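Hi there,

Here is the structure I promised to pass on. Please have a look, and then read on for what turned up in it.

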2 protein chains.
Amino acid sequence: MPDARIESAIDAGVAASQSGPAGAAPAAVRLRTPRERARAQTVADIVRLGREHLAVHGAAALSLRAVARDLGVVSSAVYRYVESREELLTLLLIDAYNELGDAVDAAVGAAPEDDFYGRFAALGGAVRDWALHEPSRYALLFGSPVPGYRAPAERTTGPGTRVITALVRILDGAFRAGRLSTTGRQGPAVPAGLAGDLAKIRAEFGLAVPDDLLARGALAWTSLFGAVSFEVFGQYGPDTFTAREELFGHHLAVLADVAGLPPAGAAR
Amino acid sequence: MPDARIESAIDAGVAASQSGPAGAAPAAVRLRTPRERARAQTVADIVRLGREHLAVHGAAALSLRAVARDLGVVSSAVYRYVESREELLTLLLIDAYNELGDAVDAAVGAAPEDDFYGRFAALGGAVRDWALHEPSRYALLFGSPVPGYRAPAERTTGPGTRVITALVRILDGAFRAGRLSTTGRQGPAVPAGLAGDLAKIRAEFGLAVPDDLLARGALAWTSLFGAVSFEVFGQYGPDTFTAREELFGHHLAVLADVAGLPPAGAAR
DNA sequence: AAATAACGAGAGCAGTGCTCTCCTATTTAG
DNA sequence: CTAAATAGGAGAGCACTGCTCTCGTTATTT
């Protein structure tokens, strides 16, 4: 079974189907032979069709046979390119993580580098906009895990941590610039048991922020996605909150305050 | 087709399978005839088996045929009791909402009535404990919506709002007792567009809390579920946070502060 | 040119939700 | 107490799913 190169071909196909400015993959793999090119193209087509099905019908309704039909090919043929339905889900997971990451990076990058609140708000707004625009794909990333499916960490942690990485960069940048603090008011003390986790995180990302602000940053992170998930998953009901943009904006402002970021108009 | 009483029989069956102290249904329906009793029992069995399947295999893997097998009956027979797979999902949704609601009510009720922080922390802890204990059922309630399935609002809004109702009661009680405020520090102003939504909520629940605190309460609500969802759905990864109880406790404390609740040890 | 690898088509298996018909046991009405 | 009405279980069947295996054809490599 000489299909050892399938994996790399698949990776190449996915990389080829992305157009983000911050494409993580070095894409050093040249596709010389026509067969390899055709293969990569087919995989890219499968991912594209899968993405459409995912967006329209949701993750649990994603059907390899339906993708095969759209591709104009019999169902068993797609198994030449994709190992299983799970494998396709993994590809779509990576695809979605990267698209969200690209959107976030673009939004954050559009704000001035020293406008930390602006960058924070841009990040939150980008997450919300993408989630509202791609609810099914957002659900794949941040909703209930697909039953029986466990994302392979070695392939998804990279793209899956782009948002939190961006957020942590903003907060750390603000701290290094002397513009992140909770001075003036005492909050709850950070439990001693968290010190180890926080130290590891600080080392991993090369951060300077102290425990207090790091823990609050984690809360801002989970709260951001909590607010977005409630809105996307319909927990607000049809009419509890109608001014959702204003609600989210206000929540973002409070979360920035929680994280220690001075508000928009504060003196620089 | 004289199956008009099926619905009420089903409701009775579900009600019979519940044992919560705050059972919403008046349960005035007596089951006189043996046939009605047998029917209610069968429906209750189906819900029980469905709950087990749901807990073990997850919502998307819930199979009516598998439930039928466990029930020792052929698959078409269960359609005499449950209209469809969706209908069973709805029953399980209501069942889970009520179990969570019961857990929250019990935990909140165990704290002194004037210990508002204690009640808030009890609510949060109960939600987290239940979610960690029943991840699949929590996912059914607060994860990605099951594709193609839309919960019928007229049957689920009641049980589905028990947690937020309890939370709002705590915050309103604290406010009426003069123990909920953000005095001493100015937060972001509530956007004007939110006034209508907040007024409607205040009227619906008969609240006294002003806009500022109400909006912050909503943030505490979404943030609480954001933190629980991240933990249950595995967003933290296997080892980013190991001291999860401490992390959650700290987040709860900060969220109470955000909502305007004085910390645990504050003077009464 | 011959060997090898890739790949599409088709059949098939076990599972799913759901419908329809048939038949029996139970309940209700006269 | 008998006869009609009804509930409910069994089974076959339809269309769908993921996935495997074989078979023949095409393209590439040696």
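To begin with a term: a residue is near a molecule or strand if its C-beta atom, placed from the backbone, lies within 6 Å of it. Please keep in mind that this is a predicted model, in which local features need pLDDT of at least 70 and side-chain atom pairs count only at pLDDT 80 or more, while totals for chains, interfaces and linings use all residues. Residues are numbered from 1 along each chain as its sequence is written, and chains are lettered from A and ligands numbered from 1 in the order in which they are written.

**The DNA strands**

Around DNA strand C there are 23 residues, and those that come nearest are A:S76, B:R65, B:S76, B:S84 and B:R85. Two or more residues each are given to this surface by helix 2 and helix 4 of chain A and by helix 2, helix 3 (64-71), helix 4 and helix 5 (85-110) of chain B. Helices here are DSSP runs of H or I with at least four residues, strands are runs of E with at least two, and both are numbered from the N terminus. By class, the surface near DNA strand C holds eight nonpolar, seven polar and eight charged residues. For these classes, Ala, Val, Leu, Ile, Met, Phe, Trp, Tyr, Cys and Pro count as nonpolar, Asp, Glu, Lys and Arg as charged, and the others, Gly among them, as polar.

DNA strand D is surrounded by 23 residues, with A:R65, A:S76, A:S84, A:R85 and B:S76 the closest. Helix 2 (34-57), helix 3 (64-71), helix 4 (75-78) and helix 5 (85-110) of chain A give two or more residues each to this surface, as do helix 2 (34-57) and helix 4 (75-78) of chain B. The surface near DNA strand D has eight nonpolar, seven polar and eight charged residues.

Chain A has 12 helices and zero strands. Of its 268 residues, 45% are buried, where buried means 20 or more other C-beta atoms within 10 Å of the residue's own, exposed means 12 or fewer, and partly exposed is in between, with C-beta atoms placed from the backbone. Among contacts in chain A with a separation of 6 or more, 72% are between residues 24 or more positions apart; two residues are in contact if their C-beta atoms, placed from the backbone, lie within 7 Å.

Between the two protein chains, 50 residues of chain A are in contact with 50 residues of chain B. On the chain A side, helix 7 (135-142), helix 10, helix 11 and helix 12 (244-259) each supply at least two residues. Helix 11 of chain A gives the largest share, 10 residues. That side of chain A divides into 25 nonpolar, 20 polar and five charged residues.

**How do helix 10 and helix 11 of chain A cross?**

The axes of helix 10 (residues 195-205) and helix 11 (residues 211-232) of chain A come within 10 Å and cross at roughly 85 degrees. Axes are lines fitted to C-alpha atoms, for helices over the stretch in contact, with angles running from 0 to 180 degrees between N-to-C directions. Helix 10 of chain A is therefore roughly perpendicular to helix 11 of chain A; that label covers 65 to 115 degrees, with under 35 roughly parallel, over 145 roughly antiparallel and the rest oblique. A:A195, A:L198, A:I201 and A:R202 of helix 10 make the contact with A:D211, A:L214 and A:A215 of helix 11. These residues comprise five nonpolar, no polar and two charged.

**A few residues to look at**

A:L224 is found in helix 11 of chain A. A:L224 is buried because 26 other C-beta atoms lie within 10 Å. Leaving aside neighbours within four places in sequence, A:L224 is in contact with A:G124, A:V127 and A:L255.

A:D257 sits in helix 12 of chain A and is buried, with 20 other C-beta atoms within 10 Å. Not counting residues up to four places away in sequence, A:D257 touches A:P263, B:G187 and B:P188.

B:V190 lies in the loop between helix 9 (162-176) and helix 10 (195-205) of chain B. B:V190 counts as buried, with 21 C-beta neighbours inside 10 Å. Apart from neighbours within four places in sequence, B:V190 is in contact with A:H250, B:D211, B:D212 and B:A215.

Best wishes
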